[in-house]
Amino acid sequence: MQVSGGDLQRLRQLNSLSSIRALRESRAPLTLTELSAQTGLSRASVGDVVTDLHQRGWITEVEPTPGTMGRPAKRYRFRADAGHVLGIDIGVHKVLAVVTDLTGRIVASGRVAVDRSTTRPERLDAVWRAVEAALVASGLAAADLWGVTAGSVGVVSREGSVTRVEALPDWAGVDLAGHLGERLSCPITIENDSKLAALAEQRLGVAAGVQDLVYLHVGRRPGAALILSGRLHHGFSGATGEVGLMNITGWRTMAVELEGCPVADGAPPEEAARLVFGAARAGDAVAREAVDVYARRLALGTAAMVLTLDPELVILGGGFSRSADVLLPALQRALEPHCLRVPDIRPSTLGEECVALGGACLALDQVAERFFSSEGSLASPVAPQRLG
């Protein structure tokens, strides 16, 4: 059977995709023999592919380990610095932007403080200041970014519009994609902040490799998100995880149990929870009861998701997760009467960078779809426009 030039070109592209995928996923550089074993390609085919990928800037040769005897085999790694993406967390109290390489490693970040009284124009300006600070720190220009995902407080539709926000009265309806598109030419995605936090934990944090999980944002503004079969679950309209909108769960007012505790008398609402958790940790009975009431209300919405999805893991994220040593046992006790099986519950490990990192992860997924999927182009990476 005669093989056409188009068929040969397609075969070479598939071989290149298979090789670059193996190099991207490997924790260590690979020799040609190791790459051949992982891809199932002949060593000769792998040699041709590696030469091409190296010339195009996707991979680089790694220097031999010092002290190696004899002539060491050449080793290659994926060039994570070939491109960069941007993740943005637009929250109530901060705007955080992080620039990452193609593995999700943070290269630089920029942070601007905001609060509930910050107006929409001021918050949008804070977004630019955070982005510009991250770009300057990374030495990159806006044109170097391959993708951007911004996470916003509130309900975000599948089309990327913020449809409902209780924490910020003037934020609903904001055109974030349009605003970012004024200065950024790369693909832009808008997503709910809790969903991005869940994605970050599943890719880079405590839930690495877990296929089914519930993410809880525990704080003065509660929220939730779902990962199913290893993928972020949006639902039909993008409103998954919004169980707190049901008054029966008590999620909207459960932080009041902490803020109204006598232990926190006179403290600002932002400080009350920390004082109550600290007192409960020290054995104060009144503080422990306040934590238990909070946990029982949190358990209602959580149990509904657990019984529906039967997840492997529940993650505690958000500001209150810093007191997981106190809150987690209380939540576990509160879930037991409602659940057939109480899943493993773990605190977040990514801290305040969680949402922005999740944004970078989603942007990287879209980069992978454009370049590294079977429908991708695998074009040569573009050299960055270094600032300075």
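Let me start with the aromatic residues: W58, F78, W146 and F371 come together as one aromatic cluster. Before going on, a reminder that this is a predicted model.

In total the structure contains six aromatic pairs. The one I want to take apart is F277 with F320. A pair of aromatic rings is described by the distance of the centres and the angle of the planes. Here the ring centres of F277 and F320 are 5.5 Å apart and the planes meet at 70 degrees; with over 60 degrees counting as edge-to-face, the pair is therefore edge-to-face.

Where do the two residues sit? F277 belongs to helix α8, residues 269–281, while F320 is in the loop between β14 (313–317) and α10 (324–335), so the pair ties together parts that are 43 residues apart in sequence. As for burial, F277 has a relative accessible area of 1% and is buried. F320 is at 10% relative accessibility, and since buried means under 20%, F320 counts as buried too.

Two tryptophans have an arginine over the ring. In one case R183 lies over the face of W128, 4.4 Å from the ring centre. In the other, the charged end of R123 sits over the ring of W171, at 6.0 Å from its centre.

Now the backbone. Most residues other than glycine have a negative phi, and most peptide bonds are trans. S229 is not a glycine, yet its phi is positive, about 55 degrees. It is placed in the loop between β12 (223–228) and β13 (231–232). Is S229 buried or exposed? Its relative accessible area is 56%, and the cut-off for exposed is over 50%, so S229 is exposed. D310, also not a glycine, has a positive phi of about 50 degrees. That residue is in the loop between α9 (285–309) and β14.

Finally, the chain as a whole. Its secondary structure amounts to 11 helices and 15 strands. The C-alpha trace spans about 75 × 50 × 45 Å along its principal axes. Of the 388 residues, 51% are buried. Among contacts with a separation of 6 or more, 65% are between residues 24 or more positions apart. The accessible surface is about 18100 Å², with 52% of it belonging to carbon and sulfur atoms. On charge, the chain has 39 positive and 43 negative charges, and their mean positions are 4 Å apart.

Definitions and conventions. Residues are numbered from 1 along each chain as its sequence is written. This is a predicted model: local features need pLDDT of at least 70, side-chain atom pairs count only at pLDDT 80 or more; totals for chains, interfaces and linings use all residues. Side-chain values use heavy atoms; hydrogens and water are left out. Rings of Phe, Tyr and Trp (its six-membered ring) pair if their centres lie within 6.5 Å; planes under 30 degrees apart count as stacked, over 60 as edge-to-face and the rest as tilted. Helices (H or I, at least four residues) and strands (E, at least two) are DSSP runs, numbered from the N terminus. Buried means under 20% relative accessible area, exposed over 50%, partly exposed in between (1.4 Å probe, protein chains only). A charge sits over a ring if NZ of Lys or CZ of Arg is within 6 Å of the ring centre and within 35 degrees of the ring normal. Contact means heavy atoms within 4.5 Å. Accessible areas come from the Shrake-Rupley method with a 1.4 Å probe; for residues, only the protein chains shown count as cover. Lys and Arg count as positive and Asp and Glu as negative; His and the chain ends are not counted. The place of a charge is taken as NZ of Lys, CZ of Arg, CG of Asp or CD of Glu.
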